[in-house]
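Biologist: I'm new to this one. Could you put it on the screen and take me through it?

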Amino acid sequence: MAFNLKQYIFRAFRELLLYHHNSLEFRAKLFAALIAANDEYGECELSIVQEAGLKIYKEEDRANTLSLTVHEYLDKIKVDNGLAIDELIDHLMIDLKKYPRYADKITLEPYLQILRCCEDEESRLYQERIVSLYQRLKDEYEKRRS
């Protein structure tokens, strides 16, 4: 109960309460776009997000917030409220233009792990293309900053 209340408050006031919330949102968008490419995603993908969050932040609350933010994006995509994978990727590209340093936050290892969760060949191909896009964006923005 306390966890749910705390996460509800974080969700409602994330911008005010969370240090570097834009960075966390960027990472959540990366995960959500990739996961949403598989209509049959489940616990496998979401546990990878949680593990990646713990590895990145080394703090359970922040890792939980990343997971919840990914869930929010996935829910928005699922209910078709104007946010789809293409729009989410457009948002990622806008974020990268605004904050080129975010290219450092694109870490392929967890995305490749997520690919292993997908059993549908077409969905996995779509996910592979998204990971390729992430790699190209990472490379492009790292070159620009050099």
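Modeller: The accessible surface of the protein comes to about 8700 Å² (Shrake-Rupley method, 1.4 Å probe; for residues, only the protein chains shown count as cover). Carbon and sulfur atoms hold 52% of that surface. Bear in mind that this is a predicted model, where local features need pLDDT of at least 70, side-chain atom pairs count only at pLDDT 80 or more, and totals for chains, interfaces and linings use all residues. Residues are numbered from 1 along each chain as its sequence is written, and side-chain values use heavy atoms, with hydrogens and water left out.

Biologist: How many helices and strands are there in the protein?

Modeller: Helices (H or I, at least four residues) and strands (E, at least two) are DSSP runs, numbered from the N terminus. Going that way, the elements read α-α-α-α-α-α-α. The count is seven helices and zero strands.

Biologist: What share of the 146 residues is buried?

Modeller: Buried means under 20% relative accessible area, exposed over 50%, and partly exposed in between (1.4 Å probe, protein chains only). Among the 146 residues of the protein, the buried share is 48%.

Biologist: Which cysteines does the disulfide join?

Modeller: A disulfide is a covalent bond between the sulfur atoms of two cysteines. Here it is taken as a pair of cysteine sulfur atoms within 2.5 Å, and a search of the whole structure finds one. With S to S at 1.9 Å, the pair is Cys44 and Cys117.

Biologist: Why does that disulfide tie together parts that are 73 residues apart in sequence?

Modeller: The link is left-handed, with -65 degrees about the S-S bond. Its ends sit in two helices, so it ties together parts 73 residues apart in sequence: Cys44 is in helix H3 (residues 43-57) and Cys117 in helix H6 (residues 108-117).

Biologist: At what angle do helix H2 and helix H5 pack?

Modeller: H2 covers residues 21-36 and H5 covers residues 85-98, with their axes 9 Å apart. Axes are lines fitted to C-alpha atoms, for helices over the stretch in contact, and angles run from 0 to 180 degrees between N-to-C directions. The angle of H2 and H5 is about 150 degrees, which makes them roughly antiparallel (over 145 degrees).

Biologist: Which residues of H2 make the contact with H5?

Modeller: Contact means heavy atoms within 4.5 Å. On the H5 side the contact is made by Ile85, Leu88, Ile89, His91, Leu92, Asp95 and Leu96. On the H2 side the residues are Phe26, Lys29, Leu30, Ala32, Ala33 and Ala36.

Biologist: Which residues does Lys138 touch, not counting those up to four places away in sequence?

Modeller: Lys138 lies in helix H7 (residues 121-145) and counts as buried at 15% relative accessibility. With that sequence neighbourhood left out, Lys138 touches Ala103, Asp104 and Ile106.

Biologist: What separates the C-alpha atoms of Arg145 and Ala103?

Modeller: Arg145 also lies in helix H7 and is partly exposed at 39% relative accessibility. Beyond four places in sequence, Arg145 is in contact with Pro100, Arg101, Ala103 and Asp104. Arg145 and Ala103 are 42 residues apart along the chain, and their C-alpha atoms are separated by 9.8 Å.

Note on methods. Parallel < 35°, antiparallel > 145°, perpendicular 65-115°, else oblique.
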